[in-house]
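Let's walk through a helix pairing and a pocket in this one. Have a look at the model before reading on.

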Amino acid sequence: MTKTQRYIFDSHVRKEELLQIKFGLMGQLLRRDKVKGIVDKYNWQSLYIYGGGYLGLQAYDAFGHFIDMAGIIDQTGELLLPRDDIDTFLPQDLAKLEDDLPIIITPLEYACAIRNDLLKFRSEERIYYLNELF
């Protein structure tokens, strides 16, 4: 296998692994007992979801059964599926908000870069990866 072929193969395997993890997380988000357990464990009253894609929207709805949701933060400031009942924010909007609510990152592919960007606005203890919660 050439170097290029190996790179293509490794990229494909990584994408497949991420899809499997996302699929598993979507299933976990349907389990209200699990979601409630996370809310209780961290004693959250409200939080933000980072990511306006399918997984972010599902996380918003799942956690919204138990706490007031502050909104969704997304790099584009938009949701994949428009919803009038969800406040959306750009990451830089966090500098203007007067809260220190936790943020759950849902886009697994870019999670490290998103976390590094959010560290400008929140302490590390207030930023969570969705997959680390389950």
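Predicted model: local features only at pLDDT ≥ 70, side-chain atom pairs only at ≥ 80, totals over all residues.

Helix α1 gives the largest pocket the largest share of its lining, four residues. (Helices here are DSSP runs of H or I, at least four residues, numbered from the N terminus.) α1, α3 and α4 (111–118) each put in at least two lining residues. In total 19 residues line this pocket, with K22, G53, T106, P107 and E109 nearest its centre. A pocket is an open set of points on a 1 Å grid over the protein atoms alone, where a 1.4 Å probe fits and protein lies on both sides within 12 Å along at least five of seven lines; lining residues have an atom within 4 Å of a point.

Numbering starts from 1 along each chain, and side-chain values use heavy atoms, without hydrogens and water.In α1, K22, L25, M26 and L29 contact (heavy atoms within 4.5 Å) Y54, L55, Q58, A59, A62 and F63 in α3. The residues of that contact divide into eight nonpolar, one polar and one charged.

Conventions. Nonpolar A, V, L, I, M, F, W, Y, C, P; charged D, E, K, R; others polar.
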